[in-house]
Amino acid sequence: MKDNEFVLTLKALGENESFARTVVAAFCLEAKPTLEELSDIKTAVSEAVTNAIVHAYDGADGKIKIKCKISKNKLTIEVSDFGKGIEDVEKAKEPFYTTRPEEERSGMGFTVMESFMDSLEITSKLGVGTKVKMTKTFGVVEPKENFEREEYAIARRNG
Ligand SMILES: Nc1ncnc2c1ncn2[C@@H]1O[C@H](COP(=O)(O)OP(=O)(O)OP(=O)(O)O)[C@@H](O)[C@H]1O
Ligand SMILES: [Mg+2]
């Protein structure tokens, strides 16, 4: 297939989370992903977009930008916000680290993104915003630990 890309700007509203993941999934279809690849991508996009909605603006108005590119069989997704930024990115990436435990957040978003995608890069600046860049190459059979991915993904999305 030809290289392709899109950029989408959304309001940082909870209502837009399912829209964002559906748009990215639809965009990927051309590359003929497996159902598992598609599910992984949707889950990762959900996590990144939810983080921007929940953490970046503390309830105030804000924007989320999603940039998506397919080149050969490699998908690159960037989810950016222009919110408060992350003080310590390494710490934020640790499993179970959350600054919102009182809201039943489990601190697993970045861990999920990292395990479901091939790569994860977080760039963040306090008071400027956060960019999460993820890639996934289609058609790669990788012996990754499979902790009931599908059920976990569904639970994350519905929960
Ligand atoms: N876009 C963002 N802007 C500001 N802070 C963020 C952003 N994304 C993540 N963080 C910070 O990083 C922490 C870890 O994020 P992560 O997604 O791993 O867990 P969580 O969102 O707290 O919980 P969960 O994703 O399990 O609901 C968050 O608690 C928050 O402090
Ligand atoms: Mg999260």
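User: By class, how many nonpolar, polar and charged residues does the shell around ligand 1 have?

Analyst: This is a predicted model, in which local features need pLDDT of at least 70, side-chain atom pairs count only at pLDDT 80 or more, and totals for chains, interfaces and linings use all residues. Residues are numbered from 1 along each chain as its sequence is written, while chains are lettered from A and ligands numbered from 1 in the order in which they are written. For the classes, Ala, Val, Leu, Ile, Met, Phe, Trp, Tyr, Cys and Pro count as nonpolar, Asp, Glu, Lys and Arg as charged, and the others, Gly among them, as polar. The shell around ligand 1 has seven nonpolar, nine polar and five charged residues.

User: Which residues come nearest to ligand 1?

Analyst: A residue is near a molecule if its C-beta atom, placed from the backbone, lies within 6 Å of it. Of the 21 residues around ligand 1, the nearest are N51, A92, T98, R105 and G109. Helices (DSSP runs of H or I, at least four residues) and strands (E, at least two) are numbered from the N terminus. Helix α2 gives the largest share of the shell, five residues.

User: How do helices α1 and α2 pack?

Analyst: Axes are lines fitted to C-alpha atoms, for helices over the stretch in contact, and angles run from 0 to 180 degrees between N-to-C directions. Helix α1 (residues 16–28) and helix α2 (residues 35–56) meet at an angle of about 145 degrees, and their axes are 9 Å apart.

User: Which residues have the most contacts inside the largest nonpolar core?

Analyst: In soluble globular proteins, nonpolar side chains tend to be buried together. A nonpolar core is a set of buried Ala, Val, Leu, Ile, Met, Phe, Trp, Tyr and Cys residues joined through C-beta atoms within 7 Å. A residue is buried if 20 or more other C-beta atoms, placed from the backbone, lie within 10 Å of its own, exposed if 12 or fewer, and partly exposed in between. Here the largest core has 29 residues, and V24 and A44 have the most contacts inside it. Its largest share, eight residues, comes from α2.

User: Where is K32, and is K32 buried or exposed?

Analyst: Most residues other than glycine have a negative phi. K32, which is not a glycine, has a positive phi of about 55 degrees. K32 lies in the loop between α1 and α2, and counts as exposed because it has 12 C-beta neighbours inside 10 Å. F96 also has a positive phi, near 70 degrees. F96 is in the loop between α3 (89–93) and α4, and is exposed, with 10 other C-beta atoms within 10 Å.
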